[in-house]
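Reader: I would like to know how the terms applied to this model are defined and whether the values meet them. Please take them one by one.

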Amino acid sequence: MSTAELKDLFQLNPKITFLNHGSFGACPLPVFQDYQQWQVKLEQDPIQFITKTGVEAYRRSKEVFAEKFHCSVDDFFLTPNPSTAFNTVIKSLELEAGDEILSTDLEYGAMDKTWDFRCMQTGAKYIRQHIPLPISSKEDFLAHFWSGLTNRTKVIFISHITSATALILPVKEICEKANKLGLITLIDGAHVPGHIPLNLDLLNADYYTGALHKWYLAPKGCSFLHVKKQKQDLLDPLIVSWGYASEFPSHSQFLDYHEYTGTRDSSAFLCLPSLADFWEKQQWKQKTQKAKEILHRWYPLFCKLLETKPICPVNTDFLGQICSIPISTPLPFELKEVLYNQYNIEIPITNRAKDFFIRISFQAYNQEDELAYLYESLAALKSEGKYLN
Ligand SMILES: Cc1ncc(COP(=O)(O)O)c(C=O)c1O
């Protein structure tokens with residue numbers, strides 16, 4: 001199947017050059033149809049579905065997940081998004097005035113806000129350790145990160161792949177050291193499942209969240225929270241419902257507390273078996289490998305055009321199918337609008353403080369021609385001189 005045919009498996013508007021898979025993902029048609037079938041089943045027989053058939057389908061989905069991401073079915077639950085997952089953890093952590101949460105200044109804004117909220121309640125301090133760009137090596141990154149460690153550090157919070165800057169960070173090394181130091185680890189892997197390898201048991205973080213509707217291609221509203229066994233009983237439910245002090249407890253208080261949050265449509269959670277079939281049938285993993293190679297080949301070309309420098313070594317240690325190229329623009333918001341309105345290109349302009357980036361996502365359904373079209377469009381805008389310096 002050609003990449004053009006692959007794109008037909010998605011419902012994305014064919015008139016748009018879609019280079020922003022990273023924000024909310026896209027779901028292939030066979031999986032989307034499975035999702036809708038679950039919704040129909042729920043509507044046809046709500047009582048049976050919510051109490052029996054849906055529960056069994058959820059269990060099957062969890063089994064597929066556990067095999068794919070290397071963990072026990074008892075150690076995670078599905079959530080609509082990473083914010084729900086980490087609100088559960090952050091609001092439940094015991095923090096005291098002066099405790100420090102060591103993080104970076106590369107984190108996702110909504111997570112920063114959640115920490116700010118919790119720190120206001122408790123008097124703890126959220127330390128957004130400055131990471132200078134470009135990063136020259138893993139060691140360089142780790143040295144900058146760990147220089148924020150103090151004797152008040154209690155928690156480590158860090159993205160596995162950052163949002164605005166799209167960098168893969170060395171979280172395995174961070175978890176190893178944090179575990180030795182007895183620090184609590186929260187890893188935000190929103191962009192990780194289906195994008196780079198993920199072995200939850202081996203990584204051994206205390207808390208790990210990831211979105212399945214981004215690079216793993218699930219219907220929107222499908223994410224997870226994985227919690228190390230020793231921490232499970234410490235976690236309060238974000239929403240107190242029937243599983244709290246349950247009259248019919250299961251083998252796991254952790255699952256009782258978190259898996260039932262009131263009436264909802266959980267159809268997106270039930271599609272993991274059909275997604276696994278899709279990945280297998282389309283050999284999606286091999287295709288994403290090729291997409292990475294193409295994107296990494298283009299990264300320096302975009303830098304040359306925009307007269308900027310890569311923010312990290314251009315290799316698979318730091319970059320996957322998404323990368324952020326520094327740009328110099330006086331009008332970042334307008335640049336995004338003109339790319340969409342005039343050139344039909346959907347692509348985000350992101351920032352870290354006053355540094356701006358154009359963030360390219362290159363999914364297996366994207367064609368190299370689309371990168372060439374983005375290149376030509378940026379070249380035209382650069383020579384115009386209004387949106388790009
Ligand atoms: C690092 C990171 N965390 C979390 C999210 C998304 O979280 P939510 O869907 O809960 O807003 C994103 C989305 O792009 C992200 O890049």
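Author: Start with contact, which means heavy atoms within 4.5 Å. By that criterion Lys231 touches Ile184, Asp206 and Tyr207, leaving aside residues up to four places away in sequence. This is a predicted model, in which local features need pLDDT of at least 70 and side-chain atom pairs count only at pLDDT 80 or more, while totals for chains, interfaces and linings use all residues. Residues are numbered from 1 along each chain as its sequence is written, and side-chain values use heavy atoms, with hydrogens and water left out.

Reader: Where does Lys231 lie?

Author: Lys231 is in helix α10 (residues 229-232). Helices (H or I, at least four residues) and strands (E, at least two) are DSSP runs, numbered from the N terminus. Between Lys231 and Leu202 there are 16 Å in space, C-alpha to C-alpha, and 29 residues in sequence.

Reader: What makes α3 roughly antiparallel to α4?

Author: The axes of α3 (residues 29-44) and α4 come within 8 Å and cross at roughly 150 degrees. Axes are lines fitted to C-alpha atoms, for helices over the stretch in contact, and angles run from 0 to 180 degrees between N-to-C directions. Angles under 35 degrees count as roughly parallel, over 145 as roughly antiparallel, 65 to 115 as roughly perpendicular and the rest as oblique. The crossing angle of roughly 150 degrees therefore makes α3 roughly antiparallel to α4.

Reader: Which residues of α3 and α4 make the contact?

Author: From α3 come Trp38, Lys41, Leu42, Glu43 and Gln44, and from α4 Pro46, Phe49, Ile50, Ala57 and Arg60. Six of the contact residues are nonpolar, one is polar and three are charged. Here Ala, Val, Leu, Ile, Met, Phe, Trp, Tyr, Cys and Pro count as nonpolar, Asp, Glu, Lys and Arg as charged, and the others, Gly among them, as polar.

Reader: Why is a space called a pocket and not a cavity?

Author: On a 1 Å grid over the protein atoms alone, a cavity is a set of points where a 1.4 Å probe fits but cannot get out, whereas a pocket is an open set with protein on both sides within 12 Å along at least five of seven lines. Lining residues have an atom within 4 Å of a point. Grid points are joined across faces, edges and corners, and a volume is the space filled by probe spheres set on the points. On that basis the largest pocket has a volume of about 920 Å³. Its lining has 28 residues, of which Ile50, Val55, Tyr58, Glu259 and Tyr260 are the closest to its centre. The largest share of that lining, eight residues, is from α4.

Reader: How do you know that the second largest pocket draws on both domain 1 and domain 2?

Author: Domain bounds come from an automatic or database domain assignment, which gives domain 1 (3-28 + 282-384) and domain 2 (45-271). Each supplies at least three residues to the lining of the second largest pocket. That pocket holds about 600 Å³ and is lined by 29 residues, with Ser23, Tyr108, Ser163, Lys214 and Arg359 nearest its centre. Between the domains, 32 residues of domain 1 are in contact with 26 residues of domain 2.

Reader: What makes the bond between Leu133 and Pro134 stand out?

Author: The peptide bond there is cis, with omega about 5 degrees. Most residues other than glycine have a negative phi, and most peptide bonds are trans. Leu217, not a glycine, has a positive phi of about 75 degrees.
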